[in-house]
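Open the model in your viewer and keep the selection tool at hand. The tour below goes stop by stop.

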Amino acid sequence: MSRTTSGDFQKTSGWLDWFDGPAKPRFQLPAGAVDAHCHVFGPGAEFPYAPERKYTPCDASKAQLFALRDHLGFARNVIVQATCHGADNRAMLDACVASGGKARGVATVRRSVTDAELLAMHAAGVRGVRFNFVKRLVDFTPKDELMEIAGRIAQLGWHVVIYFEAVDLPELWDFFTALPTTVVVDHMGRPDVSKPVDGPEFELFLRFMREHSNVWSKVSCPERLSVTGPKALEGEQAAYRDVVPFAQRVVQAFPDRVLWGTDWPHPNLKDHMPDDGLLVDFIPHIAPTAELQHKLLVANPMRLYWPEEQ
Ligand SMILES: O=C(O)c1cc(C(=O)O)oc(=O)c1
């Protein structure tokens, strides 16, 4: 079934809609598991997409996200502001509030954000801001503006989520290592998994984490990073094998600083749309023991997003 975009919007040409009717995962998530990276899109008629966006998605509402959460067996979500909404956080905030405490959020803000707005976001459940350096997704924001924002949100106990491509890490290193908060890297800093896992590019990322104990990583998005597959479709139980050594390395080296998320509704995939149930079945390949799974899915996200419950 083709999904629609409501309001005065037309999906980007070639847009792949999120997968309908995902499998029930075979992997039994631990009680209290958190999907620590997912998004809501619109619906456009209610929460318009931002004029500066680089893509227009199909709608993906909070009700659809919560249904997926329950189907897969997650207890909670961390809803990350998607770039198609720019710095208009209303859809994400509305979803957090509607979740009844089962979702926390990561916002995108500009320097012009007021302290009162930040406090209101905190009350709605926001615990971090996202700085995006992926050029196909956002226009450039000066680093001094980002550093000023980081200084302000640090006072609220929030963290910074960073999204960048592996080739850009050397240039961004000084900025990232000067951030005054916990820093969470999206999707392992997007390694090129056709390169060796013990090669210089991924080693730089591991060094980034090793030398900076405030840096965490989401070991998410194998469907984005995989080059040779196989895809998480049609019951595949060994999907995205080429990504496994990279994610496993991060989980084993930094078990207390990793998070996992579905990345539903998977913006901008070009090749295929994964079955989210089978994506959950990817987890035991990268976190093979019950202890690692509990840290990745429960203890770590709870410490970062619901510390008051610890
Ligand atoms: O690689 C991407 O296209 C992508 C985009 C977004 C976003 O538009 O916010 O978020 C993600 O986590 C990944």
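Begin with two helices. Select Phe202, Phe205, Leu206 and Met209 in H6, then Phe246, Arg249 and Val250 in H8; these two sets of residues meet. Bear in mind that this is a predicted model.

Now show the whole of both helices. H6 covers residues 200–211 and H8 covers residues 244–253. Their axes lie 11 Å apart, and the packing angle is about 20°. Angles under 35 degrees count as roughly parallel, and H6 and H8 are therefore roughly parallel to each other. Turn the view to look at the crossing: H6 passes H8 in a right-handed sense.

Which residues make the contact between H5 and H6? From H5, select Leu169, Pro170, Trp173, Phe176 and Thr177. From H6, select Leu204, Phe205, Arg207, Phe208 and Glu211. Leave Phe205 highlighted for a moment: this H6 residue takes part in the contact with H5 and also in the one with H8.

**Next stop: Lys143**

Select Lys143, which lies in helix H4, residues 143–154. Is Lys143 buried, partly exposed or exposed? Its relative accessibility is 27%, so Lys143 counts as partly exposed. Show the residues around it. Leaving aside residues up to four places away in sequence, Lys143 touches Glu171, Leu172 and Phe175. For a sense of distance, draw a line from the C-alpha of Lys143 to the C-alpha of Phe9. The line spans 32 Å, and the two residues are 134 apart in sequence.

Zoom in on S1, residues 34–38. Is this strand mostly covered or mostly open? It is mostly covered: five of its five residues are buried. S1 pairs with S2, residues 76–80, in the parallel sense over three bridges. Pick Val34 and look across to S2, where Arg76 is its bridge partner.

Now select S1, H1 (residues 62–72) and S2 together. They make a right-handed β-α-β unit.

Move along to S3, residues 103–107, and S4, residues 126–132. These strands run parallel and are joined by three bridges. Select Val106 and find Gly128 of S4 standing opposite.

**Last stop: Arg26**

Go back to the segment before S1 and select Arg26. Arg26 is exposed, with a relative accessible area of 64%. Its contacts include none of the residues up to four places away, which are not counted; beyond those, Arg26 touches Gln237 and Asp281. Finish with one more distance, from Arg26 to Ala116. Their C-alpha atoms are separated by 45 Å, and the residues are 90 apart along the chain.

Technical notes: Residues are numbered from 1 along each chain as its sequence is written. This is a predicted model: local features need pLDDT of at least 70, side-chain atom pairs count only at pLDDT 80 or more; totals for chains, interfaces and linings use all residues. Side-chain values use heavy atoms; hydrogens and water are left out. Buried means under 20% relative accessible area, exposed over 50%, partly exposed in between (1.4 Å probe, protein chains only). Helices (H or I, at least four residues) and strands (E, at least two) are DSSP runs, numbered from the N terminus. Two strands pair if DSSP finds at least two bridges between them. A crossover is right-handed if, with the strands pointing away from the viewer, the path from the first strand over the helix to the second runs clockwise. Axes are lines fitted to C-alpha atoms, for helices over the stretch in contact, and angles run from 0 to 180 degrees between N-to-C directions. Angles under 35 degrees count as roughly parallel, over 145 as roughly antiparallel, 65 to 115 as roughly perpendicular and the rest as oblique. A crossing is left-handed if the near helix is turned anticlockwise from the far one by less than a right angle, and right-handed if clockwise. Contact means heavy atoms within 4.5 Å.
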